[in-house]
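Visitor: I would like to learn how to read a sheet and a domain interface. Could you guide me through both?

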Number of protein chains: 2
Amino acid sequence: MENQFPEEKFSEQYRNIPVSFVRSILNAIGQQKMISFAGGLPNPSLFPVDELAESTRAVMADAGRNILQYAGSLGYYPLREWIASRYSAKYGMKITPEMVVITNGSQQAIDILSKLFINPGDGVILEKPSYLGAIQSMSAYLPNFKEVDLLEDGADLAQVEDLFLNDEIKLMYAVTNAQNPSGISYSDEKRQDLALLLRRYNQFLLEDDPYNEICFGEEFPAPVKKYAPDHVAWTGSFSKMVAPGLRNGWVILPPALVPHFDKAKQAADLHSNNLTQYVLHHYLTHNDLDEHLSRTRTKYEEQAACMVDMLNRYLPDDVKVTQPTGGMFIWLTLPDGLRADELIKSTMERGVIFVPGNSFYTKGQGSNHIRLNFTNADPDEIEKGVQIIAEEMKKVLCAV
Amino acid sequence: MENQFPEEKFSEQYRNIPVSFVRSILNAIGQQKMISFAGGLPNPSLFPVDELAESTRAVMADAGRNILQYAGSLGYYPLREWIASRYSAKYGMKITPEMVVITNGSQQAIDILSKLFINPGDGVILEKPSYLGAIQSMSAYLPNFKEVDLLEDGADLAQVEDLFLNDEIKLMYAVTNAQNPSGISYSDEKRQDLALLLRRYNQFLLEDDPYNEICFGEEFPAPVKKYAPDHVAWTGSFSKMVAPGLRNGWVILPPALVPHFDKAKQAADLHSNNLTQYVLHHYLTHNDLDEHLSRTRTKYEEQAACMVDMLNRYLPDDVKVTQPTGGMFIWLTLPDGLRADELIKSTMERGVIFVPGNSFYTKGQGSNHIRLNFTNADPDEIEKGVQIIAEEMKKVLCAV
């Protein structure tokens with residue numbers, strides 16, 4: 001057991017978790033300074049640092065001793081109330097605080113729901129491409145992933161219905177707003193149609209929605225959850241809305257599922273951090289969140305527009321570029337002859353990284369795609385980085 | 001899917017998690033005021049509220065923007081350094097910060113290590129009785145629990161060796177200091193002998209040690225980890241040492257295991273709360289922790305002594321009472337004719353709750369035991385609660 005831990009000691013479930021390509025890249029480059037379009041970091045200039053510092057001071061002064069004690073595994077009730085009330089009002093839904101459970105980011109909600117539902121071999125529907133973190137989290141429960149195409153307005157529902165009809169499906173996972181990595185948002189119609197399918201076939205959807213508040217232009221339509229409340233677990237996150245380091249997200253569940261989620265959450269880590277739940281609640285009730293969100297959207301929209309401009313200016317014409325409707329990512333489709341997992345080797349040498357599409361598929365596809373993050377680079381870096389990617393693409397295409 | 005969630009939707013792993021008796025009790029009593037010896041809550045009067053409030057202010061002022069961003073899944077490096085340095089010095093061990101991973105309490109370390117190691121049906125050795133939270137967490141990975149007797153000086157090693165020799169064992173779980181629920185601590189000799197067995201049979205121990213700093217009288221001996229560093233994952237927790245609401249614990253791993261733990265931790269919740277890691281590090285490096293621990297130990301030792309006194313004064317003579325060496329619990333062994341799971345029904349009606357021993361066994365045993373928590377009740381409550389328990393015991397014994 002010296003330098004390598006003996007592989008045969010590990011469980012099959014652990015061995016099934018795919019390695020994160022991003023992580024391998026980051027390990028490879030070590031401390032080198034890079035232009036990174038790879039991660040999914042919010043822009044730290046937007047964090048309401050002073051306001052959160054004041055909220056932190058206030059809650060520790062008011063309720064320090066309560067904050068420091070063990071607490072219930074469902075989360076801080078007033079924060080659950082705030083979430084229930086905001087999203088009930090936003091979408092005309094009937095969400096009670098009792099349906100809301102606080103988690104460590106929405107990532108933990110994915111992990112716990114996977115633990116609740118997935119037996120080894122169970123069919124789990126994913127969009128193609130899908131969020132890497134969800135693929136990793138769910139893989140630990142040995143599912144049989146079934147990928148459906150992601151069209152301009154959301155998942156291909158004919159394929160979904162075919163799977164519901166002809167396969168053993170336990171769960172569907174979808175990011176309905178500004179999907180990571182594709183940037184695609186479901187149309188209103190598609191949300192309602194998917195809800196209909198869930199109810200007709202008594203199927204369950206994990207509707208992962210971390211980018212709900214990061215829309216460009218008009219608000220996103222109401223979630224699938226609205227139209228099939230008993231068939232959807234709908235997650236949300238403060239990571240993109242306020243700040244990720246606080247590690248607080250939530251999930252809104254059918255009431256009958258709450259005690260089960262609660263038991264599994266308890267087994268995982270007893271309960272989520274108390275201090276940051278109080279801090280968030282204080283921040284949200286003492287500041288103008290919508291003004292903060294408006295600043296965030298404007299900034300990200302500018303960054304996205306800048307990156308799209310540069311991509312249109314420099315990239316070969318036959319590279320397809322998505323126009324993001326929100327979120328943090330732009331998705332490229334490469335022409336024949338270009339492979340993202342090859343391309344990154346040469347851009348990395350020139351100090352630019354991104355995530356090759358392969359990471360977002362479960363069957364080895366995706367090397368004709370690139371995910372670019374635009375929230376954490378300034379216009380100069382965006383231009384320089386895009387230029388380098390474009391040059392390296394052209395080298396390959398000319399050599400073909 | 002209205003009021004009951006359809007059971008057949010759930011995974012086998014989830015259905016294998018035992019219900020927490022404590023939770024059922026708490027649900028049953030609702031908001032009624034009770035004398036509770038049931039939970040495992042630290043005494044909130046000991047929380048260093050002002051110091052932590054000051055640390056919170058200081059780190060938000062110093063490093064707010066960093067704290068609020070995503071961070072590495074292994075934890076805040078200076079906090080990992082502090083842990084490595086304290087326990088290297090305390091026990092003459094060679095712990096580097098790279099071996100330390102921060103988790104959401106030590107509970108999450110148990111969950112993630114279980115995910116890493118346990119295939120369905122794998123043999124996992126537990127002490128008899130064992131910590132309920134670990135039983136719940138590990139049960140979700142469908143192990144085949146093998147219980148060994150817990151003697152006055154730790155697990156029965158003849159039974160352990162027999163299992164290592166004749167069974168398929170993947171993992172052993174033990175709480176070596178002031179065990180929850182029994183209060184038993186391993187002798188120095190037994191720690192070294194167990195280490196020898198682990199190395200001889202190339203077996204792996206999860207040494208769970210949340211009560212390390214809560215000893216009465218002299219310090220606990222060095223952990224098993226010292227004598228078999230590559231065969232032990234050793235957890236620790238700030239919950240009992242500083243405050244549980246911050247939800248920060250850690251695990252010290254063989255170096256070769258760290259990248260694997262890291263990958264599984266990432267899939268679970270990306271990383272632990274940043275703010276409280278900074279706060280703890282600031283608190284620990286700007287205050288006299290040992291003075292704080294000394295106050296905590298004195299207080300708990302007084303509370304334990306008070307409860308032991310009352311138990312000796314009021315209980316029937318043939319109830320065996322452990323003398324705790326630290327931690328938070330006293331363990332009772334009942335004579336024939338008394339069943340803890342029956343007794344609690346009558347004490348509950350009179351406003352007193354505790355945890356019947358059944359919760360700490362995996363094969364339905366333990367109804368002849370009671371776990372009493374002494375850290376969260378004042379002397380008057382302790383006397384009144386013990387009197388009521390004693391009266392109810394005598395009623396049953398006289399009726400026999």
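Guide: Gladly! Two strands pair if DSSP finds at least two bridges between them, and helices (H or I, at least four residues) and strands (E, at least two) are DSSP runs, numbered from the N terminus. This is a predicted model, in which local features need pLDDT of at least 70 and side-chain atom pairs count only at pLDDT 80 or more, while totals for chains, interfaces and linings use all residues. Residues are numbered from 1 along each chain as its sequence is written, chains are lettered from A and ligands numbered from 1 in the order in which they are written, and side-chain values use heavy atoms, with hydrogens and water left out.

Visitor: Which residue is the bridge partner of Met172(B) in β7(B)?

Guide: Strands of a sheet pair through backbone hydrogen bonds, either parallel or antiparallel. Here, Met172(B) has Leu205(B) as its bridge partner in β7(B). Strands β6 (169–175) and β7 (205–208) of chain B run parallel, over 4 bridges.

Visitor: What is the strand order of the open sheet in chain B?

Guide: Its 8 strands follow the order β2-β9-β8-β7-β6-β3-β4-β5, with mixed pairing. At the edges are β2 (100–103) and β5 (154–155) of chain B, each pairing on one side only.

Visitor: Which strands does helix α4 of chain B touch?

Guide: Contact means heavy atoms within 4.5 Å; axes are lines fitted to C-alpha atoms, for helices over the stretch in contact, and angles run from 0 to 180 degrees between N-to-C directions. Helix α4 (77–91) of chain B packs on the sheet against β2, β8 (232–237) and β9 (249–252), at about 120 degrees to β2(B). Helix α10 (258–269) of chain B touches β2 and β9, and its direction makes about 15 degrees with that of β2(B).

Visitor: How is chain A divided?

Guide: Domain bounds come from an automatic or database domain assignment. In chain A, domain 1 covers 7–47 + 291–399 and domain 2 covers 70–286; their centres, taken over C-alpha atoms, lie 25 Å apart.

Visitor: How much area do domain 1 and domain 2 of chain A bury between them?

Guide: Buried area is the accessible area (1.4 Å probe) that two parts lose on being put together, summed over both. For these domains of chain A the value is about 3,000 Å², 62% of it on carbon and sulfur atoms. Arg297(A), Thr325(A) and Phe360(A) supply 20% of the area that domain 1 buries against domain 2, more than any other three residues.

Visitor: How many salt bridges cross that interface of domain 1 and domain 2 of chain A?

Guide: A salt bridge is a side-chain nitrogen of Lys or Arg within 4 Å of a carboxyl oxygen of Asp or Glu. The rule finds 2 across this interface. Elsewhere on our tour list, Arg297(A) and Glu219(A) meet in a salt bridge through their side chains (3.4 Å, N to O).
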